[in-house]
Amino acid sequence: MKIAVLGATGQTGQFVVSQALQQGHIVTAVVRDPAKLDVRHDNLKVVEANIFSVDSLKPHFRGVEVIVSCLGFPTSFFSSVTGYTLSMMAVTGAMREARVNRIITMTSWYTDPNSGTQSPYLIRFLLLPMIRSVLTNMFEMEQFLQSVDDINWTVVRPPGLKNLPSSALEFLTHEGYCVPDSSGRPVGSTIGRGDVARFMLSLLNNNAWVKKGVAIITK
Ligand SMILES: NC(=O)c1ccc[n+]([C@@H]2O[C@H](COP(=O)([O-])OP(=O)(O)OC[C@H]3O[C@@H](n4cnc5c(N)ncnc54)[C@H](OP(=O)(O)O)[C@@H]3O)[C@@H](O)[C@H]2O)c1
């Protein structure tokens, strides 16, 4: 399959690129600084583009079947985070013009401000307030995608990310803002980035989560 990866220089994005190449896909890595990606492969094209510009993205999306986005923007206490919504508006605009209609993107557990009430004390009262500006803009991006009818999107929501390669562990999934156990409490708090990449790529041939947000964790 022909896929374009946004955020390809990031920690999860690099796992997506390497696993996609291992699986035989033809990959366009859309980056702002090609020097940051040192992977070389016959099936990999690295292109420079502005993720906030339809015109900049459009030529790189032509002929691509699926966009996979692992973009991330830093938290800010002094101003709102806007990168998730602004980039997604440009990305979906470019997808429309280039006639690409599938995107798999990632946000996080607890993007909904009303979620997280069952999470452990430290997560609820320390971590979530610290990253709220990021979660808020992720949630706004998710709301934006809800209003997009003509594109088959999937939002993958992982918990805390660890820099671990892909494993053979089974995934637990839930259409919501965390993966709860039978009493409604989250079943864990972390996942390896390699496994997030593995889950995202498993959706290339699976329409189960189209137009849905899915929280994931490994068993
Ligand atoms: N940390 C956690 O525990 C956690 C948990 C759940 C979800 N998440 C979310 O999961 C996503 C992936 O996380 P990660 O740790 O893999 O991300 P990361 O390593 O920080 O990578 C972020 C990617 O976004 C790109 N990017 C940022 N601003 C850009 C811009 N203005 N123009 C072009 N590219 C830009 C970066 O490009 P450069 O390399 O050029 O900077 C990089 O490729 C993020 O949205 C993160 O918030 C994180």
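**Note on the ligand shell and helix packing**

1. The shell around the ligand is made up of eight nonpolar, 10 polar and four charged residues. Here Ala, Val, Leu, Ile, Met, Phe, Trp, Tyr, Cys and Pro count as nonpolar, Asp, Glu, Lys and Arg as charged, and the others, Gly among them, as polar. The ligand is surrounded by 22 residues, with Thr9, Gly10, Thr12, Gly72 and Ser108 the closest.

2. Basis of the note. The model is predicted: local features need pLDDT of at least 70, side-chain atom pairs count only at pLDDT 80 or more, and totals for chains, interfaces and linings use all residues. Numbering starts from 1 along each chain as its sequence is written.

3. Which element gives the most to the shell around the ligand? Helix α1 does, with three residues. α1 and β7 (160–162) each supply at least two residues of that shell.

4. Overall fold. The protein chain has six helices and 10 strands. Helices (H or I, at least four residues) and strands (E, at least two) are DSSP runs, numbered from the N terminus. The radius of gyration is 17 Å, close to the 17 Å of the globule rule for 219 residues, so the chain is as compact as a globular protein of that length. That radius is taken over C-alpha atoms, and the rule is 2.2 Å times the number of residues to the power 0.38. Along the principal axes, the C-alpha atoms fill a box of roughly 45 × 40 × 35 Å.

5. α1 on α6. The axes of α1 (residues 11–22) and α6 (residues 193–202) come within 8 Å and cross at roughly 55 degrees. Axes are lines fitted to C-alpha atoms, for helices over the stretch in contact, and angles run from 0 to 180 degrees between N-to-C directions. α1 is therefore oblique to α6. Angles under 35 degrees count as roughly parallel, over 145 as roughly antiparallel, 65 to 115 as roughly perpendicular and the rest as oblique. From α1, Gln11, Thr12, Phe15, Val16, Gln19 and Ala20 meet α6 residues including Val196, Ala197 and Leu201. Contact requires C-beta atoms, placed from the backbone, within 7 Å. This contact has seven nonpolar, four polar and two charged residues.

6. α2 on α3. Helix α2 (residues 54–61) and helix α3 (residues 83–98) have axes that come within 8 Å and cross at roughly 45 degrees. That makes α2 oblique to α3. Val54, Leu57, Lys58 and Phe61 of α2 make the contact with α3 residues, among them Ala90, Val91 and Ala94. Eight nonpolar, one polar and two charged residues take part.

7. α3 on α5. The axes of α3 and α5 (residues 132–146) come within 7 Å and cross at roughly 30 degrees. The two helices are therefore roughly parallel to each other. Gly83, Tyr84, Thr85, Met88 and Met89 of α3 make the contact with α5 residues including Met138, Met141 and Phe144. By class, seven are nonpolar, three polar and one charged.

Definitions and conventions: Two residues are in contact if their C-beta atoms, placed from the backbone, lie within 7 Å. A residue is near a molecule or strand if its C-beta atom, placed from the backbone, lies within 6 Å of it.
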